[in-house]
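Me: Hi! I have a model open and would like to talk it through with you. Could you take a look with me?

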Amino acid sequence: MEAASSEELQARRLAVTIGTAHCLIRLADAGEILPLSSLPAPVRVPLTQPWYLGLVNLRGNLVGIVDLAVLSGYEAQARERDSRVLVFSPALAPNCGLLLSSVLGLRHISEMTQISNNYDDENELIGVIGRYKDKAGTEWSEIGLAALLKEAAFLHIGR
């Protein structure tokens, strides 16, 4: 039973949109998801990149919020009613969060067809570790939060 539930957990991904991109994130990498409207406005930090939106106080902990779309060279995500912040798992980086345009629920990666194994020219966002297509024809980019934390561009928030 434990092996079956572990395999099930490994096959499920959190489905989100970052800008217009459909993305998948491993559940183990995600800490919590919060409505952007429930958080105070991020406080800008002087001399940081435009994609680093600033810091928010989350229950006494400062969390830096990043717009991955801007970091990847795209337009800033609109901050709307469906916008969320995905806080990284404390095992990865307890003080980091990604701005999401929306959360779409859970998807089973085993029900998708793999398009590529790793980063290639077709990937639009930094941190992509694989691309998939579902039965409806929607293409999904899997964002590896651990891989994102190794990206030099992501680590250098200063101007």
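Predicted model: local features only at pLDDT ≥ 70, side-chain atom pairs only at ≥ 80, totals over all residues.

Me: Great, sheet to start with. What is the strand order in the open sheet of five strands?

Reply: The order runs β3-β6-β7-β5-β4, and the pairing is mixed.

Me: And which strands stand at the edges?

Reply: Those are β3 (30-35) and β4 (52-58). Each has a single partner strand, so one side of each is left without a neighbour in the sheet.

Me: How much is the twist from one strand to the next?

Reply: The twist averages 30° from one strand to the next.

Me: Let's go inside the sheet. In what sense do β6 and β7 pair, parallel or antiparallel?

Reply: Antiparallel, over four bridges, with β6 covering residues 84-88 and β7 covering residues 96-100.

Me: Nice. Changing topic: how many salt bridges does a search of the whole structure find?

Reply: Five. One of them is between the side chains of R13 and E142, at 2.6 Å from N to O. This pair links distant parts of the chain, since R13 sits in strand β1 (residues 12-18) and E142 in strand β11, 129 residues apart.

Me: Are R13 and E142 buried or exposed?

Reply: Both are buried. For E142 the relative accessible area is 4%.

Me: Which residues does E142 touch, leaving out those up to four places away in sequence?

Reply: E142, which belongs to β11 (residues 139-143), touches R13, L24, R26, I109, G127, V128, I129, G130 and Y132. With R13 there is also a polar contact of 2.6 Å between the side chains.

Me: OK, another salt bridge. What does R59 pair with?

Reply: R59 forms a salt bridge with E32, and their closest N and O atoms are 2.4 Å apart. R59 lies in the loop between β4 and β5 (61-66), while E32 is in strand β3, so the pair ties together parts that are 27 residues apart in sequence.

Me: Is R59 buried or exposed? And how does E32 count?

Reply: R59 is exposed, with a relative accessible area of 62%. E32 counts as partly exposed, at 26% relative accessibility.

Me: What about E139, which residue does its side chain meet in a salt bridge at 2.4 Å?

Reply: That would be R131, with the 2.4 Å taken from N to O. E139 is partly exposed at a relative accessible area of 37%, whereas R131 counts as buried at 5% relative accessibility.

Me: Which residues are linked with E139 in a network of salt bridges?

Reply: R131 and K133 are, and together with E139 they make up the network.

Me: Where do C23 and C96 sit, buried or exposed?

Reply: C23 is buried, with a relative accessible area of 0%. C96 is buried too, with a relative accessible area of 9%; both values fall under the 20% cut-off for buried.

Technical notes. Residues numbered from 1 in each chain as written. Heavy atoms only, no water. Pairing = 2+ DSSP bridges. Helix = DSSP H or I, 4+ residues; strand = E, 2+ residues; numbered from the N terminus. Axes fitted to C-alpha atoms, helices over the stretch in contact; angles between N-to-C directions. Buried < 20%, exposed > 50% of the residue type's maximum accessible area, 1.4 Å probe, protein only. Polar contact = N/O pair within 3.5 Å; in protein donor to acceptor, adjacent residues only side chain to side chain. Contact = heavy atoms within 4.5 Å. Salt bridge = Lys/Arg side-chain N within 4 Å of Asp/Glu carboxyl O.
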